[in-house]
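Reader: Could we go through this structure together, one topic at a time?

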Amino acid sequence: MTTEIYLDGNATTAVLPAALRAAVQAMEHCYGNPSSSHATGLKAKALLDGVRARARRVLGADRGRLMFNSGATEGIQTAVLSALCAIRERRVAGLPTGSLLVYGATEHKAVPESLAHWNRVLGLDLTLYKLPVGGDGRHDLAALRAVAPDAAFVCTMAANNETGIISDLDGIAAALDGSPALWMVDCVQALGKLPLRLAASRIDYAPFSGHKLYAPKGIGLLYVREGAPFTPLMMGGGQEGAQRSGTENMAGIAALGAVLAAVEEGGTFRTAAELAALRDQVAAALRQALPGIVFNAPFEQALPTTINFSVPGLSSKELLDVFDAAGLRVSAGSACSAAKAAPSYVLEAMDLPAWRSSSAVRLSFGPATDAATIAAACERIVRCGDALRLAGMLAEGIAGTAALDGPLQLTAAGVHTWLVCDAASRACVLIDPQPALAARVDTLLGSHGYRLVARLSTRDGASWPIDGDVLVLGARRLRRIALGSASLCYVLDNADGTPSHAFAGGAETAALAALLPPETLLCPGFEEQSACCTSLRVALAGQNASATADMHLDGQALDALLRAHPDALLVDVREAYEHAAGGVAGLSAVSVPLSRFAAHLPAWLGRADDAPLVFVCRSGNRSARAAECLRRHGYRHAYHLAGGVALAA
Ligand code: PLP
């Protein structure tokens, strides 16, 4: 089993053992309501006051408001509401206010979204101005100086969550000199990583989230400068000096207190120099593993705990998948945007080339990370590089790369390009090549030493390279068949001359059925036609949903099945590099990526023994498609591990 190495500290962190103990202690022995006047309440109040006093020392906030809340998103709302209410009051009183709500182009989405929301709700009709950043990710101070006289409220961050870029807060303060603007600094990524002296600065509002520094989720802090306007977001029982009503999250506050104690007393978190040395070690491993890697933020201006990088020819998803398979948890940009396949707006704001902002990976570790964890992470990073190299995903291939034989499916935006390879002669043809896949195909063929014989299209026959209708690819034969005047189908034959695969683009199944035997496998041009590939017979019959009802196995059912059926074959349908990087939870499995399914399906369907086939992948999606495909073709004993190897491990 691969143990997890968590390198996504900017998204959230594990809870520090001391913080966990403090939370449990609070729940067990200090469960009182700090507003109660009896002894149990007083005990809780003492805990609350103690943590606040410590927070004041750690943040350099001996003056001003410092309230506990649920986290930075709430702190940002409160700051925005406070600033905008103050602007409204000045406007009502006929006093001058600026007209601009200025925010850095690389701010966390919580900032512009809150500005737009409260501007709308309060009917202020102020103008949102996105302050540009330079190529180094830092705010454009000249642009800020230009708008400062008309700025009503300025929002910047102390350090960026995607790149780790540290803002020039002194420069921003100087640019705001003489401006009437209120100023919020999102300090989420700075806590425990950068020295803060809030009360000595002109910062009006500073929100924090405990879970970015080893406290649990659901506890945060908001600092408000002495004399800065304040409007509570939450009204009710008057807790937190009526600044934030609602009974306090005492377990969270106790845990945050333990983290702040660790910051104040030292010994738990690495120093900036130690963290920079760990970062350099990781960067060296990344350079070794991933040739051509570019780092998207200059190290000297970034938090030493954040590394943002892109690798030519590899998407964020491919990198995330191989890292995940190796037990390394990293993310593409921010955690909030990881689920969406959009390019990083932070890197776009830095004007990086499109390929870098759409393929970036963020690796971030917390300041408590130890040298042994980093050493283990580096080993795995190198292993990921080897796995990618072996699968022909990196420009520099290595000898002994596993040969490609038969059809290989490559997909871009739901459209398939097929590569038909003959391992013996190292010859191949491409069917319906797409520009988006050109670099991938070049790398794949270059690293495997394959010769491209033709680039064929199912829409026109002009690129067919010979006079006759049968193209010989080593031991394989590819035939072209015209389907009416506007489309073509390419048919790969078995050694005995019977058709095995039909590369049919968008052709109608009925048209193909008239020409080819029913067991021919369709290799279509579009995703919606078939998830993996489908025989003509099954495509014509349609799906039988009830045949898949019992194919989902949980970890226990998988164990039971493997014990009862020693002949069962476990098939890892993740990409070859994922399989090579991590294996399958200590089980022995063969690697057949979904992209190679068309090549392997005939052999499985031809098995006489009907032994169980169990498919596995990372999350259970790809393996479900694989098992479903086998079931549709009448293979009764096809199963998959629901939830994927993540849940099995
Ligand atoms: N600001 C920054 C810079 C962040 O990184 C985050 C979290 O990712 C937030 C604000 C929002 O914090 P939370 O989701 O804890 O409220």
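Author: A residue counts as near a molecule or strand if one of its heavy atoms lies within 4 Å of it. This is a predicted model, in which local features need pLDDT of at least 70 and side-chain atom pairs count only at pLDDT 80 or more, while totals for chains, interfaces and linings use all residues. Residues are numbered from 1 along each chain as its sequence is written, and side-chain values use heavy atoms, with hydrogens and water left out.

Reader: Which residues are around the ligand?

Author: They are Ala72, Thr73, His108, Met157, Asn161, Asp186, Val188, Gln189, Ser209, His211 and Lys212.

Reader: And how many of the shell residues are nonpolar, polar or charged?

Author: The shell divides into three nonpolar, six polar and two charged residues. Here Ala, Val, Leu, Ile, Met, Phe, Trp, Tyr, Cys and Pro count as nonpolar, Asp, Glu, Lys and Arg as charged, and the others, Gly among them, as polar.

Reader: How far is the side chain of Thr73 from an oxygen atom of the ligand?

Author: An N or O atom in the side chain of Thr73 is 2.6 Å from a ligand oxygen. For Lys212, a side-chain N or O atom is 2.5 Å from an oxygen atom of the ligand. Gln189 has a polar side-chain atom 2.9 Å from a ligand oxygen. A polar contact is a pair of N or O atoms within 3.5 Å; within protein, one must be able to donate a hydrogen and the other to accept it, and residues adjacent in sequence count only if both atoms are side-chain atoms.

Reader: What part of the ligand does the protein bury?

Author: The ligand taken alone exposes 390 Å², and the protein buries 85% of that. Accessible areas come from the Shrake-Rupley method with a 1.4 Å probe, and for residues only the protein chains shown count as cover.

Reader: Now a new topic: where does Ser179 lie?

Author: Ser179 is in the loop between helix H6 (169–175) and strand S6 (182–186). Helices (H or I, at least four residues) and strands (E, at least two) are DSSP runs, numbered from the N terminus.

Reader: Is Ser179 buried or exposed?

Author: Ser179 is buried, at 10% relative accessible area. Buried means under 20%, exposed over 50%, and partly exposed in between (1.4 Å probe, protein chains only).

Reader: What does the side chain of Ser179 reach?

Author: It reaches the backbone oxygen of Ala148 at 2.7 Å and the backbone nitrogen of Ala181 at 3.0 Å.

Reader: Let us turn to salt bridges. How many does a search of the whole structure find?

Author: The search finds 29 salt bridges. A salt bridge is a side-chain nitrogen of Lys or Arg within 4 Å of a carboxyl oxygen of Asp or Glu.

Reader: What is the N to O distance between Glu318 and Arg440?

Author: The side chains of Glu318 and Arg440 meet in a salt bridge at 2.6 Å, N to O. This pair links distant parts of the chain, with Glu318 in helix H9 (residues 316–325) and Arg440 in helix H14 (residues 438–448), 122 residues apart. Glu318 is buried at 15% relative accessible area, and Arg440 is buried at 15%.

Reader: Why does the pair of Asp324 and Arg618 tie together parts that are apart in sequence?

Author: Their side chains meet in a salt bridge of 3.5 Å, N to O. Asp324 lies in helix H9 and Arg618 in the loop between S26 and helix H20 (621–632), so the pair ties together parts 294 residues apart in sequence. Asp324 is partly exposed at 22% relative accessibility, and Arg618 is partly exposed at 30%.

Reader: Which residues are linked with these two in a network?

Author: The network of salt bridges links Glu4, Lys317, Asp321, Asp324, Arg329 and Arg618.

Reader: One last topic: what is phi of Arg426?

Author: Phi of Arg426 is near 55°, a positive value in a residue other than glycine. Most residues other than glycine have a negative phi. Arg426 is in the loop between strand S14 (415–422) and strand S15 (427–431), and at 31% relative accessibility Arg426 counts as partly exposed.

Reader: What about phi of Asp610?

Author: Phi of Asp610 is near 60°, also positive in a residue other than glycine. Asp610 is found in the loop between helix H19 (597–605) and strand S26 (613–616), and Asp610 is partly exposed at 25% relative accessible area.
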